[in-house]
Amino acid sequence: MARKKLGVVELRWTCPKCNTLNLGTARTCQSCGAPQPEDVRFELPERQELVTDESAKAKAAAGPDIHCPYCGARNPAGSQTCSQCSGDLSEGALRKAGLVLGAFKSGPQAQLACPRCGASNPDTATVCQQCGGSLELKKPAEKAAQPAQPAARPQPWLIVALIVLAIMVCGGIALFSALGSRTQGITGVVEAVSWERTVSIEGFVPVERQDWQDRIPAGIEPGACEPRLREVVAEPVPDATEVCGTPYSVDTGSGYAEVVQDCEYHVYASYCSYLVDEWVQVNVASASGADLATFWPDPQLASDQRLGEQRQEAYTIVFSADEEQYNFTTDDYSLFQQAQVGSTWTLNVNSFGEVVSIAR
Ligand SMILES: [Zn+2]
Ligand SMILES: [Zn+2]
Ligand SMILES: [Zn+2]
């Protein structure tokens, strides 16, 4: 994120001795003359107006003011001796800077009501126009502590129902796998066999792909393009869209706040679809039979076609056992080759009547 500087606003501080509201640049109270103590913070005025005056900007840029180590008086950044007591400021404490004071609110704000006489005053005033008394900045309302909501307790009957459901599901799974895995060996005779083999046929055909325009292979015309967000960067780059957050004020320790805004830069680029010729599966060829003489299909291929890598084989053996028929399907070619019609096998049949495996 890049921090963009929009300008400076003059802050306020309230004198702890006499409660008078003072301008940020006033280092001593306009009413009682006391210097601003180190622990009295600057506050944002109701109406925050960007100061365009160069000397104000220079004061804000000069850095935090220095508090005198002897009398505590606030002195401008860069001072050598205290304006109040002439003490050496080299050991003085710098005012804290960098604190975010709040969102920047420009434009007219609500009038300030005088706490003494109730008169309405402009949002930029520090003293009442009616009685001359000090005005007060509106403090942000203290957030009432929200009592933590107790987490909703699940109903006891719901817990019982869930436990019962879980037991039923587990029991069902256990029963199902027990039935499926318990087998029984029976003797069967091969009655018939059948097989099917397939191979994939690939064609060199146009396929639609998508990519950034500058990454499309050379020599290929892009089809439809649309602008898309490609990357977000912290610093400005050519043709980027600037996206900024809400402006906010940061205390500089000088009586002015710097109004800044965090920005990032969105870079858009053309994202296009294009057509490129690639080998893809366009068809399958299959061969089948009802004997043991298997073969792979050998299809007629067009000039822009080839056989693919995808090959599948399925062999089915039909047994009769105890006057019932059992089918067994496998992709084991050597096992299938032993399944002569009339040969006798041991069939492992599970509780669902499925042949799990066969052996001679
Ligand atoms: Zn005062
Ligand atoms: Zn001093
Ligand atoms: Zn008043």
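I started at Glu323, which sits in the loop between E15 and E16 (strands, E, are DSSP runs of at least two residues, and helices, H or I, of at least four, numbered from the N terminus). This is a predicted model, where local features need pLDDT of at least 70, side-chain atom pairs count only at pLDDT 80 or more, and totals for chains, interfaces and linings use all residues. Residues are numbered from 1 along each chain as its sequence is written, and chains are lettered from A and ligands numbered from 1 in the order in which they are written.

I looked up the backbone next. Glu323 has a positive phi of about 60° although it is not a glycine. Glu323 is exposed, with 5 other C-beta atoms within 10 Å (exposed means 12 or fewer, buried 20 or more, partly exposed in between, with C-beta atoms placed from the backbone).

Asp322 is in the loop between E15 and E16 too. Its phi is positive, about 50°, and Asp322 is not a glycine either. I find Asp322 exposed, with 9 other C-beta atoms within 10 Å.

Then I went to the cores. Which residues have the most contacts inside the largest nonpolar core? They are Ile317, Phe319, Tyr326, Phe328, Leu347 and Val355, in a core of 13 residues (buried Ala, Val, Leu, Ile, Met, Phe, Trp, Tyr and Cys joined through C-beta atoms within 7 Å). Strands E15 (305–321), E16 (324–330), E17 (344–350) and E18 (355–359) each supply at least two residues of this core. I also noted a second, separate core of 11 residues, including Val9, Trp13, Leu44 and Val260.

Last, I checked Ile317. Leaving out residues up to four places away in sequence, Ile317 touches Val190, Val193, Phe328, Phe336 and Ala339 (contact means C-beta atoms, placed from the backbone, within 7 Å).

Terms used: Two residues are in contact if their C-beta atoms, placed from the backbone, lie within 7 Å.
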